[in-house]
Amino acid sequence: MNGFDSPYISGSEDGSPFTQYRRSDIPAYWSYAKNFALADRMFSSMYGPSLPEHAFAVAATAGRVVSNKLPLHDGRAMHCEDASEYFYRLRRHPSLIEWEKQAEIDKIEALYESITACLDIKTIFSALEEKGVSWRYYGRRDDFHNPMGAIDEIRNTDRWDNVIPPERFITDARSGDLPGVSYLLPPEVYNEHPQSDGRSMCVGENWTVRQVNAVMQGPDWKHTAIFITWDDFGGLYDHVRPPVVDEFGLGPRVPLLVISPWAKPGHVSHTTYEFSSFLALIERLHDIPPLTHRDRRAHDLFDVFDFDQEPLDPVVLPERPQVEGATPQRCRL
């Protein structure tokens with residue numbers, strides 16, 4: 001856990017890996033943690049990067065993919081739509097975990113092979129359909145973080161119709177039109193990586209507040225659980241050593257907030273979770289068999305809830321004022 005200042009890990013030499021946010025920097029996230037539940041042993045599913053992490057959240061696997069798509073750019077035709085784009089996939093080797101422990105990067109990268117950027121993996125969504133559970137993925141189709149366009153059973157079937165713009169989420173939440181299971185991916189402009197380009201953590205937090213407020217002010221609040229997490233560690237320092245479960249992870253610790261009328265108030269869970277835990281919860285709730293070994297062994301998050309308690313009231317929060325017309329967007333100090 002002593003490599004955060006390495007440009008190989010963080011992609012930066014500007015000190016951003018040692019960024020720390022305090023209570024005054026993230027007042028809304030702090031308020032959610034204080035009033036609802038926080039997990040202090042939530043880990044990313046892989047060592048990185050973003051796209052395979054998002055794949056784990058819907059499929060409990062990334063098909064051994066260890067990269068974002070290449071070339072890395074957003075666009076109208078991407079992933080399964082563009083045969084020229086590719087992923088790096090990690091081949092198997094009996095010494096792989098030991099090489100990872102010793103950070104023998106050259107040996108690991110020698111196992112990379114290129115594959116078309118369209119994954120043949122099974123997601124939770126076909127199982128939800130079999131159980132009659134509605135679902136939508138709110139995320140921009142032209143965002144390289146969005147795994148849905150990179151999964152064959154989504155992009156090349158009519159399930160692609162369930163991938164809709166994130167801007168629609170607030171309308172659906174306020175009107176009570178959310179499906180049984182929703183995924184919500186913010187537009188890239190709200191990315192909260194610490195960077196020196198003027199990006200503001202406050203702007204991303206404001207976006208989150210708008211989404212959560214819409215759920216709390218809608219008719220489905222008392223039947224809802226909201227999970228807020230980040231797709232990887234973003235180059236931030238973290239001292240917690242993740243457990244090793246296979247060649248891909250677990251990766252560095254990431255935040256997790258659980259917001260619900262049934263969340264234990266002010267609770268800090270010390271249970272180990274990863275992105276496959278969301279699938280384990282859905283599977284337990286709807287009697288769905290696990291997709292992979294990861295969601296089979298993942299803790300299902302039910303321990304952060306108390307369904308016998310009096311339901312908690314909404315905590316509707318204000319947004320912090322932003323500088324009108326600023327590019328990139330930022331808040332007033």
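Predicted model: local features only at pLDDT ≥ 70, side-chain atom pairs only at ≥ 80, totals over all residues.
Modeller: Helices here are DSSP runs of H or I with at least four residues, strands are DSSP runs of E with at least two, and both are numbered from the N terminus. Residues are numbered from 1 along each chain as its sequence is written, and side-chain values use heavy atoms, with hydrogens and water left out.

Colleague: What makes Asp287 and Leu301 stand out in their backbone angles?

Modeller: Neither is a glycine, yet Asp287 has a positive phi of about 55° and Leu301 a positive phi of about 75°. Asp287 lies in the loop between α10 (276–286) and α11, and with a relative accessible area of 59% Asp287 passes the limit of over 50%, so it is exposed. Leu301 belongs to the segment after α11, and at 0% relative accessibility Leu301 is under the 20% limit and therefore buried.

Colleague: How do you know that α3 is mostly covered?

Modeller: In helix α3 (50–59), 10 of its 10 residues fall in the buried class, and among them are Glu53, His54, Phe56 and Val58. These buried residues pack against strands β2 (86–90), β4 (135–138) and β6 (181–184), and against helices α6 (124–130), α10 and α11. After α3 comes Ala60, with a positive phi near 60°.

Colleague: Why does His79 count as buried?

Modeller: The relative accessibility of His79 is 2%, which is under the 20% limit, so His79 counts as buried. His79 is located in the loop between α3 and β2, and beyond its neighbours within four places in sequence its contacts include Leu51, Lys69, Phe87, Phe144 and Asn146.

Colleague: Which residues have the most contacts inside the largest nonpolar core, and what makes such a group a core?

Modeller: A nonpolar core is a set of buried Ala, Val, Leu, Ile, Met, Phe, Trp, Tyr and Cys residues joined through side-chain atoms within 4.5 Å. The largest one has 82 residues, and those with the most contacts inside it are Phe125, Leu128, Tyr137, Tyr183 and Ile259. Apart from it lies another core, of 5 residues, including Tyr190, Cys202, Val203 and Trp207. Tyr183, from the largest core, touches residues such as Ala57, Val58, Phe125, Tyr137 and Ile282, not counting those up to four places away in sequence. In soluble globular proteins, nonpolar side chains tend to be buried together.

Colleague: What covers the buried residues of α2?

Modeller: Helix α2 (residues 27–35) has Ala28, Tyr29, Ser31, Tyr32 and Ala33 buried, and their cover includes β1 (37–39), α9 (201–216) and β8 (256–259).

Colleague: Why is the protein called as compact as a globular protein of its length?

Modeller: The protein has 11 helices and 9 strands. Its radius of gyration, taken over C-alpha atoms, is set against a globule rule of 2.2 Å times the number of residues to the power 0.38. The value is 19 Å, close to the 20 Å that the rule gives for 333 residues, so the protein is as compact as a globular protein of that length. Along the principal axes, the C-alpha atoms fill a box of roughly 55 × 50 × 40 Å, and 50% of the 333 residues count as buried. Among contacts with a separation of 6 or more, 73% come from residues 24 or more positions apart.

Methods: Buried < 20%, exposed > 50% of the residue type's maximum accessible area, 1.4 Å probe, protein only. Contact = heavy atoms within 4.5 Å.
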